[in-house]
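User: Got a structure here that I'd like to go through with you. Can we start with the charged contacts and move on from there?

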Amino acid sequence: MAITGSGSLAISLSVFVISAAFLLKVEGQNLATDNVSVIEGETATISCRVKNNDDSVIQLLNPNRQTIYFKDVRPLKDSRFQLVNFSDNELRVSLSNVSLSDEGRYVCQLYTDPPQEAYADITVLVPPGSPIIESRDDVVSEGNETELTCTAMGSKPAASIRWMKGEEELTGEATVEELYDRMFAVTSRVRFSVTKEDDGVPVDCIIDHPAVKDLLAQRHLEVLYKPEVKIVVTYPEGLTREGDNLDLTCIAEGKPQPHRINWLRVDEDVPPHAVVAGSELYIENLNKSYNGTYRCVASNAVGEAYDDYILYVYDSRAGEGAPQKIDHAVIGGVVAVVMFAILCALIVLGRYFARHKGTYFTHEAKGADDAADADTAIINAEGGHNNTDEKKEYYI
């Protein structure tokens, strides 16, 4: 049968239309899945999802491309795989008690022409065992350096290790060793110098790993340090006067505890009748010849330290009748009130004298204002007393 040119063109157009429709159909059926991370021994779930499915068959294959599920049927004889959900749009399968051998790429397949595939990578996480922390020195003296080591064994992927000393973060040096089947061991070392303040401080080795939280090992530092010494005056409470007694106590603390405490007088001998009883120094009947610096020296296995007390003996009556403490604020207030009162009195007296100024002279010179000359004024002023008794003066 012959096919004309127009017939051939019609057939070609038909094939093109069918192919285009098929492509649109395939592109419209989007197949999707997700990667899965799961801790060894737990359950992983794989979901094969189809958008706009037209009754095409969904199946799930393992990394060896063996069919695990074909629609809702499980050809693979591994009961750890269980069907969670099956519909036109999803095939969801769970895998329990996951082991390292289950790790790999799983295939979601949609039976179209050609078949569509989507890939889900299962990553198996293995948490490390309990970390082991070790110290190079069980006990370290202040000022010296110590070293701690922390090891996290058998993890996948390799763990990371952080160090904390109290609230301070330390920087360690880590080494990673691959063991078998992509399993790792990590060791971290940290070095630092210690002070007496570090005694009893916890040092934490903290493990960071995606399969575990709050995993750490802890060790408390034990630091030896030389004594801290302080002299306390037990008696007297105030000045040291001639004839008084003096009682000094030496307080010394260190690690280990001081095994020896000595009293001495700097550059001179201790008074012969002074009594030393362990940490106490007792001197009776003080006099000025006892003046000087008295020193308490304490020592332990780490070193020694001392504290000084300077003795100055005062006269027996020194400090008696000493003025009491004065409240300067009260005194200032009293002075201000007194000054204000004086100022007010001066103002009142000034106004009084201003009002009565010249009164005395007016009465004494009465009648002298109309006189022609000075002699007449005197005569007139004296004349004002003619009708009165003459003033007399008497000398006794």
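Analyst: A definition to begin with: a salt bridge here is a side-chain nitrogen of Lys or Arg within 4 Å of a carboxyl oxygen of Asp or Glu. Keep in mind that this is a predicted model.

User: Fine. How many salt bridges does the structure hold?

Analyst: The structure holds 22 salt bridges.

User: Which residue does Arg182 pair with?

Analyst: Arg182 forms a salt bridge with Glu103, and their closest N and O atoms are 2.4 Å apart. This pair links distant parts of the chain, 79 residues apart. Arg182 sits in the loop between strand E15 (173-178) and strand E16 (184-193), while Glu103 sits in the loop between strand E7 (90-95) and strand E8 (104-110).

User: Buried or exposed, those two? Start with Glu103.

Analyst: Glu103 has a relative accessible area of 16%, so it counts as buried. Arg182 is partly exposed, because its relative accessibility is 40%.

User: And what about Asp138, which residue does its side chain meet?

Analyst: Asp138 meets Arg219 in a salt bridge, at 3.3 Å from N to O. Asp138 lies in the loop between strand E10 (132-135) and strand E11 (140-141), and Arg219 lies in strand E18 (residues 212-220), so the pair ties together parts 81 residues apart in sequence. Asp138 is exposed, with a relative accessible area of 59%, and Arg219 is partly exposed at 27% relative accessibility.

User: Which residues are joined into one network by shared partners?

Analyst: Glu103, Lys156, Asp181 and Arg182 are joined by salt bridges that share partners.

User: Give me one more pair. What is the N to O distance for Glu90 and Arg92?

Analyst: The closest N and O atoms of Glu90 and Arg92 are 3.0 Å apart, and the two form a salt bridge. Glu90 is buried at 12% relative accessible area. Arg92 is partly exposed at 30%.

User: What about Asn285, where is it and what is its phi?

Analyst: Asn285 also has a positive phi without being a glycine, with a value near 50°. Asn285 lies in the loop between strand E23 (280-283) and strand E24 (292-299).

User: Next, prolines. Is the bond from Tyr235 to Pro236 cis or trans?

Analyst: The peptide bond from Tyr235 to Pro236 is cis, with omega near 0°. Pro236 is in the loop between strand E19 (223-235) and strand E20 (246-255). The bond from Lys255 to Pro256 is cis as well, with omega near 0°. Pro256 is placed in the loop between E20 and strand E21 (260-265).

User: New topic. How many cavities of 30 Å³ or more are there?

Analyst: The count is 1 cavity of 30 Å³ or more. The largest cavity has a volume of about 60 Å³.

User: What lines the largest cavity?

Analyst: Its lining is Ser135, Asp137, Asp138, Val139, Val140, Thr146, Leu148, Arg219, His220, Leu221 and Glu222. Strand E12 (145-155) and E18 are the elements that give two or more residues to this lining. By class, the lining has 4 nonpolar, 3 polar and 4 charged residues.

User: Which residues form a nonpolar patch on the surface?

Analyst: The patch is formed by Val330, Ile331, Val334, Val335, Val338, Met339, Ile342 and Leu346. Together they have about 710 Å² of accessible area. Leu346 lies in helix H2 (residues 328-355). With 55% relative accessibility, Leu346 counts as exposed.

User: Last one. Is Val50 buried or exposed?

Analyst: Val50 is buried, with a relative accessible area of 7%. It is found in strand E3 (residues 44-51). The C-alpha atoms of Val50 and Cys108 are separated by 9.9 Å, and the two residues are 58 apart along the chain.

Definitions and conventions:
Residues numbered from 1 in each chain as written. Predicted model: local features only at pLDDT ≥ 70, side-chain atom pairs only at ≥ 80, totals over all residues. Heavy atoms only, no water. Patch = residues over 30% accessible without salt bridge, like charges linked within 9 Å, V, L, I, M, F, W, Y side chains within 5 Å. Areas by Shrake-Rupley, 256 points an atom, 1.4 Å probe, with all protein chains shown as cover. Helix = DSSP H or I, 4+ residues; strand = E, 2+ residues; numbered from the N terminus. Buried < 20%, exposed > 50% of the residue type's maximum accessible area, 1.4 Å probe, protein only. 1 Å grid on protein atoms, 1.4 Å probe; cavity = no way out; pocket = protein on both sides within 12 Å on 5 of 7 lines; lining within 4 Å. Points joined across faces, edges and corners; volume = space filled by probe spheres on them. Nonpolar A, V, L, I, M, F, W, Y, C, P; charged D, E, K, R; others polar.
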